[in-house]
Structure formats: C-alpha cells, structure tokens
Amino acid sequence: MARETKWCQNPKCPEKKNSNQIRGIKGNKYYQSNKANGYGNSNFCTLYCYDAWSNIYLDRAIDAIGVRITEPVKVHMENAWEVKPEYVYARGNNEQSRYIYFLTNKLFNVRHPITMTQALGSTPTHDDYWSYHQTITSAKAKELAQQLGLTNQ
C-alpha cells in the first residue's frame, strides 16, 4: 500500500517562493508547499516553517486540547533522580574512548558512578550514539538510588 505524502503544515510555506517549489506547465506555473521532513514531529519542511506555524497556531492548539499548564510543574527531591552519561575520550594510553554513567540528584547534591548495565537497563546491542543515551527512566533511577542506599526512602 502506498504511503500518503505528508505536506508541510505551514499554510504560508509556498510564499517562500523557492525554486524547488515551482510546479505546473508553461503559462500555468505556481508555487507549492514542500513535502514535510523531520521538523515538528515530521509535519514541517523546515524549522522556519515550524516556527512560523507555531507563532500563529500553537497557543490555540494548546488551549483547544486543554493541556495548558497554569501552575508550575514541580519535581521534588525524592523524585529528582536521573542517569547522566559522559563520554571519556582516549588519551593515547591504550585506553579506549567510552561512556561512563552517573546516578545524579542535583537537589541532594549526589553524583554516584554506576555501570552501563545499571544506566541503560541492559547492554546495548547496537554500537551507535542513541544506544548509549537511552538511559533508564527517572522512576527506575529512583529505585536504583534506593537499592544503592543513596536515599532515605
């Protein structure tokens, strides 16, 4: 089944008048919206179009679906645990570049080293950037902090 083409959602996209937007035959030409790319959850062709749309419609969209935040969102000390990866570059002493991981809570002023398996919840099967950055959730980080005795709860 053919996938339907997704077009840039900025109604002013054709007004950019780029040469790659020209369509039609001689005597009947026009500018057309670009195909959507990876901007704004793949709904826009460029960051410019995403920003232009957002400036006009974002407030209305938030209000229409009823998700406007009217009070500050707070994360309390006991729930502020997270895993922070750091990349350590090889220094020429037969040591390989690698990621090291820390269980952190800035509100408790804690920065505790942990293993890759603890940080990621498993050992990565792919050797790419994202495999080493998909760390455990904040809730699981809190559980790990409790297991390691880093919190009072």
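Which residues of the largest nonpolar core touch the most other members? In this predicted model, that core comprises 13 residues, and V83, Y101, L103, I114 and A141 are the ones with the most contacts to other members. The elements that each contribute two or more residues to this core are strand β4 (98–105) together with the helices α2 (116–120) and α3 (138–147). In soluble globular proteins, nonpolar side chains tend to be buried together.

The surroundings of L103 may be considered next. Leaving aside residues up to four places away in sequence, L103 touches W81, E82, V83, V110, R111, H112 and I114, and also A141, L144, A145, L148 and L150.

Strand β4 also holds N105. N105 is buried, because its relative accessible area is 0%, below the 20% cut-off for burial. With residues up to four places away in sequence again excluded, the contacts of N105 are M77, A80, W81 and V110.

Helix α3 has A141, L144 and A145 as its buried residues. These lie on the same side of α3 because they cover an arc of only 100° around the axis. An α-helix has 3.6 residues a turn, so residues three or four places apart point the same way. The buried residues of α3 pack against the strands β3 (82–88), β4 and β5 (110–114), as well as against α2. Just after α3, G149 adopts a positive phi of about 75°.

Notes. Residues are numbered from 1 along each chain as its sequence is written. This is a predicted model: local features need pLDDT of at least 70, side-chain atom pairs count only at pLDDT 80 or more; totals for chains, interfaces and linings use all residues. Side-chain values use heavy atoms; hydrogens and water are left out. A nonpolar core is a set of buried Ala, Val, Leu, Ile, Met, Phe, Trp, Tyr and Cys residues joined through side-chain atoms within 4.5 Å. Buried means under 20% relative accessible area, exposed over 50%, partly exposed in between (1.4 Å probe, protein chains only). Helices (H or I, at least four residues) and strands (E, at least two) are DSSP runs, numbered from the N terminus. Contact means heavy atoms within 4.5 Å. The arc is that of the directions from the helix axis to the C-beta atoms.
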